Amino acid sequence: MTFDHELTVHVNGDDVRAVHYPSAHTDGDSIVYFPQKGAVAMGDIYVRYGFPFIDINSGGSVQGMIAACEDVLRLVPADARVVPGHGDVAGVADLREYLQMLKDTTAAVAAALKTGKTLAQMKEQHILGAWSERYSPPKAFVDTDAFTETLYNSLRGHTARHGGPTRSR
């Protein structure tokens with residue numbers, strides 16, 4: 001079964017609604033909402049391991065991630081369970097915090113771009129340092145420099161060099 005934007009199926013008397021977001025983590029992301037169960041599975045649009053990996057080489061963008069999270073927050077009730085692509089099940093408040101991080105880090109990089117800063121200067125000045133402790137723990141899948149590069153490339157409409165941003169191991 002395939003769909004372009006949205007699909008609702010009925011399973012054991014419950015609705016199951018899938019919604020495609022064309023430029024979030026990649027260009028092929030969907031969330032699956034279970035209204036009668038009060039749950040939404042978000043895949044890699046929402047992760048709990050730290051900064052997200054946004055695959056801009058495969059059509060992803062920070063703008064799409066933000067739009068998808070905003071849409072999910074409009075869709076689900078306040079007590080919904082939010083299932084991330086990685087990490088423990090969360091609540092709506094956790095998703096709001098993650099969305100705010102996406103917005104704030106994007107705004108920081110956008111402001112630096114507006115003043116003419118280069119990517120190297122942004123990394124050197126640690127412009128995302130305020131979020132590093134929470135979203136870039138030791139051995140993070142996506143470290144602060146990699147996320148800075150992702151935001152920089154996403155806002156400039158570029159794909160990352162060398163097949164994607166550098167990730168710490």
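Helix α2 passes helix α5 in a right-handed crossing. A crossing is right-handed if the near helix is turned clockwise from the far one by less than a right angle, and left-handed if anticlockwise. The model is predicted: local features need pLDDT of at least 70, side-chain atom pairs count only at pLDDT 80 or more, and totals for chains, interfaces and linings use all residues. Residues are numbered from 1 along each chain as its sequence is written, and side-chain values use heavy atoms, with hydrogens and water left out. Helices (H or I, at least four residues) and strands (E, at least two) are DSSP runs, numbered from the N terminus.

**How α2 meets α5**

- Two packed helices are described by the angle between their axes and the distance between the axes.
- For α2 and α5, the angle is about 70° and the axes are 10 Å apart.
- Axes are lines fitted to C-alpha atoms, for helices over the stretch in contact, and angles run from 0 to 180 degrees between N-to-C directions.
- The two helices, α2 and α5, are therefore roughly perpendicular to each other.
- Angles of 65 to 115 degrees count as roughly perpendicular, under 35 as roughly parallel, over 145 as roughly antiparallel and the rest as oblique.
- On the α2 side, the contact is made by M101, L102, T105, T106, V109, A110 and L113. On the α5 side, F147, L151, Y152, L155 and R156 take part.
- Contact means heavy atoms within 4.5 Å.
- By class, this contact of α2 with α5 has 9 nonpolar, 2 polar and 1 charged residues.
- Ala, Val, Leu, Ile, Met, Phe, Trp, Tyr, Cys and Pro count as nonpolar, Asp, Glu, Lys and Arg as charged, and the others, Gly among them, as polar.

**How α1 meets α2**

- Helices α1 and α2 pack at an angle of about 150°, with their axes 10 Å apart.
- That makes α1 and α2 roughly antiparallel to each other.
- Helix α1 passes α2 in a left-handed crossing.
- From α1, the contact uses V62, M65, I66, C69, E70, V72 and L73. From α2, it uses V92, L95, R96, Y98, L99, L102, K103 and T106.
- The contact of α1 with α2 has 11 nonpolar, 1 polar and 3 charged residues.

**Helix α1**

- Helix α1 covers residues 62-75. Its 14 residues should span 20 Å at 1.5 Å a residue, and its end C-alpha atoms are 20 Å apart, which agrees.
- The expected span of a helix is 1.5 Å times one less than its number of residues.
- V62, G64, M65, I66, A68, C69, V72 and L73 are buried in α1.
- Buried means under 20% relative accessible area, exposed over 50%, and partly exposed in between (1.4 Å probe, protein chains only).
- The cover over these buried α1 residues includes strands β2 (14-21), β3 (29-34) and β4 (39-47), along with helices α2 (92-114) and α5 (144-156).

**Helix α2 and V109**

- Helix α2 has 23 residues and reaches 32 Å from its first C-alpha to its last, close to the 33 Å expected.
- Its buried residues are V92, L95, Y98, L99, M101, L102, T105, T106, V109 and A112.
- V109 has a relative accessible area of 0%.
- Leaving aside neighbours within four places in sequence, V109 is in contact with M122, I127, L128, L151, Y152 and L155.
- V109 and K37 are 72 residues apart in sequence and 38 Å apart in space, C-alpha to C-alpha.
- G116 follows α2, and its phi is positive, near 90°.

**Helix α5**

- Helix α5 has 13 residues and reaches 18 Å from its first C-alpha to its last, close to the 18 Å expected.
- Of the 13 residues of α5, 10 are buried, so this helix is largely enclosed by the rest of the structure.
- T144, A146, F147, T148, E149, T150, L151, Y152, N153 and S154 are the buried ones.
- What covers them includes α1, α2, α3 and α4.

**Loop residues**

- N12 lies in the loop between β1 (6-11) and β2. Its phi is near 50°, a positive value in a residue other than glycine. N12 counts as exposed, at 79% relative accessibility.
- H126 sits in the loop between α3 (119-124) and α4 (129-135). Its phi is also positive, near 50°. H126 counts as exposed, at 53% relative accessibility.
- V142 is found in the loop between α4 and α5. V142 is buried, with a relative accessible area of 2%.
- V142 and G50 are 92 residues apart in sequence and 7.2 Å apart in space, C-alpha to C-alpha.
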